[in-house]
Amino acid sequence: MKTYLDKMRGERAQPGSADWQDALWSWLGAFAGMGAICWLSTHWLSQHLLIVASFGATSVLIYAAPESPFAQPRNVLVGSMLSALMGVACFQLFGSTALAVSLAVSLSVLLMQLTHTVHPPGAAAALVAVIGGPQITALGWWYPLMPIGIGCAVMLVVAILVNNLARHRRYPRFW
């Protein structure tokens with residue numbers, strides 16, 4: 001039991017000094033990526049929802065931690081779309097219930113792990129499919145494609161363009 005409890009203590013974090021140049025590249029990517037989605041949502045796809053909460057977390061990964069396995073294009077696109085699909089299925093079967101929420105998130109995690117496409121914001125996309133309200137649930141089976149698929153694709157294009165402008169960054173690491 002002591003060994004089990006000792007695991008929970010963790011270790012002291014040794015934060016290094018902030019790299020302001022890297023932080024500015026992350027800011028630029030996040031600003032450009034979300035700006036592109038907002039512009040498309042307003043000017044091109046004004047009748048369609050294109051912005052969802054999980055895109056905020058996706059921005060952190062692809063712009064601030066582009067070397068992370070969770071930030072790679074296959075994980076971002078496939079993981080998010082599979083999770084959104086799972087969320088829609090759970091909503092269709094169980095409505096906006098605690099069971100649907102629990103199944104949507106847990107099954108999306110399982111599916112992402114089995115397909116090697118883990119992208120943590122994907123679980124948020126599954127959750128939003130169940131609790132996102134009438135504007136989201138009205139999209140039905142289109143939700144995994146728009147806003148999730150199209151939004152992720154736009155952010156990935158921006159991530160590839162912006163991250164590779166910096167000499168010290170390379171994105172993607174793998175497809």
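Predicted model: local features only at pLDDT ≥ 70, side-chain atom pairs only at ≥ 80, totals over all residues.

Me: Which helices do the buried residues of α3 pack against?

Reply: Let's start with the residues themselves: Ser54, Phe55, Thr58, Ser59, Leu61, Ile62 and Tyr63 are the buried ones in α3. Helix α3 covers residues 54-64. The partners of these buried residues are α2, α4, α6 and α8.

Me: Thr58 sits in that helix too. Which residues does Thr58 touch, leaving out those up to four places away in sequence?

Reply: Thr58 lies in helix α3. Its relative accessible area is 0%, under the 20% limit, so Thr58 counts as buried. Leaving out residues up to four places away in sequence, Thr58 touches Val76, His119, Pro121 and Met155.

Me: And Tyr63, is it buried or exposed?

Reply: Tyr63 is another residue of helix α3. Its contacts, not counting residues up to four places away in sequence, include Ser26, Gly29, Met155, Val158 and Arg169. With a relative accessible area of 1%, Tyr63 is buried.

Me: How far apart are the C-alpha atoms of Tyr63 and Leu103?

Reply: Tyr63 belongs to helix α3, while Leu103 is one of the α5 residues that meet α4. The two residues are 40 residues apart along the chain. Their C-alpha atoms are separated by 30 Å.

Me: Are α4 and α5 roughly parallel or roughly antiparallel?

Reply: Two packed helices are described by the angle between their axes and the distance between the axes. Here the axes of α4 (residues 73-94) and α5 (residues 98-114) come within 8 Å and cross at roughly 150°. Angles over 145 degrees fall in the antiparallel class, so the relation of α4 to α5 is roughly antiparallel.

Me: How many nonpolar, polar and charged residues does the contact of α4 with α5 have?

Reply: The crossing of these two helices, α4 and α5, is right-handed. On the α4 side the contact includes Leu82, Met86 and Phe94, and on the α5 side it includes Leu99, Leu107 and Met112. By class, the contact of α4 with α5 has 11 nonpolar, 4 polar and no charged residues.

Me: Now for the charges. Which residues are linked in a network of salt bridges?

Reply: Side chains of opposite charge can pair when their charged atoms come close. A search of the whole structure finds 3 salt bridges. Asp6 pairs with Lys2, with the closest N and O atoms 2.9 Å apart, and Asp6 also meets Arg9 at 3.9 Å, N to O. The network therefore links Lys2, Asp6 and Arg9.

Me: How many residues apart are Asp6 and Lys2?

Reply: Asp6 is partly exposed at 33% relative accessibility, whereas Lys2 is exposed at 60%. Arg9, the other partner of Asp6, is exposed as well, with a relative accessible area of 67%. Asp6 and Lys2 both lie in helix α1 (residues 2-6), about one turn of the helix from each other, and their separation is 4 residues.

Me: Where in the chain is the salt bridge partner of Asp22, and how many residues apart are the two?

Reply: Asp22 forms a salt bridge with Arg169, the closest N and O atoms being 2.9 Å apart. The pair links distant parts of the chain, with Asp22 in helix α2 (residues 20-44) and Arg169 in the segment after α8 (144-163), and the separation is 147 residues.

Me: Is Arg169 buried or exposed?

Reply: Arg169 is among the residues that Tyr63 touches. Its salt bridge partner Asp22 is partly exposed, at 23% relative accessibility. At 8%, which is under the 20% limit, Arg169 counts as buried.

How values were computed. Residues numbered from 1 in each chain as written. Heavy atoms only, no water. Salt bridge = Lys/Arg side-chain N within 4 Å of Asp/Glu carboxyl O. Buried < 20%, exposed > 50% of the residue type's maximum accessible area, 1.4 Å probe, protein only. Contact = heavy atoms within 4.5 Å. Axes fitted to C-alpha atoms, helices over the stretch in contact; angles between N-to-C directions. Parallel < 35°, antiparallel > 145°, perpendicular 65-115°, else oblique. Left-handed = near helix turned anticlockwise from the far one by under 90°. Nonpolar A, V, L, I, M, F, W, Y, C, P; charged D, E, K, R; others polar.
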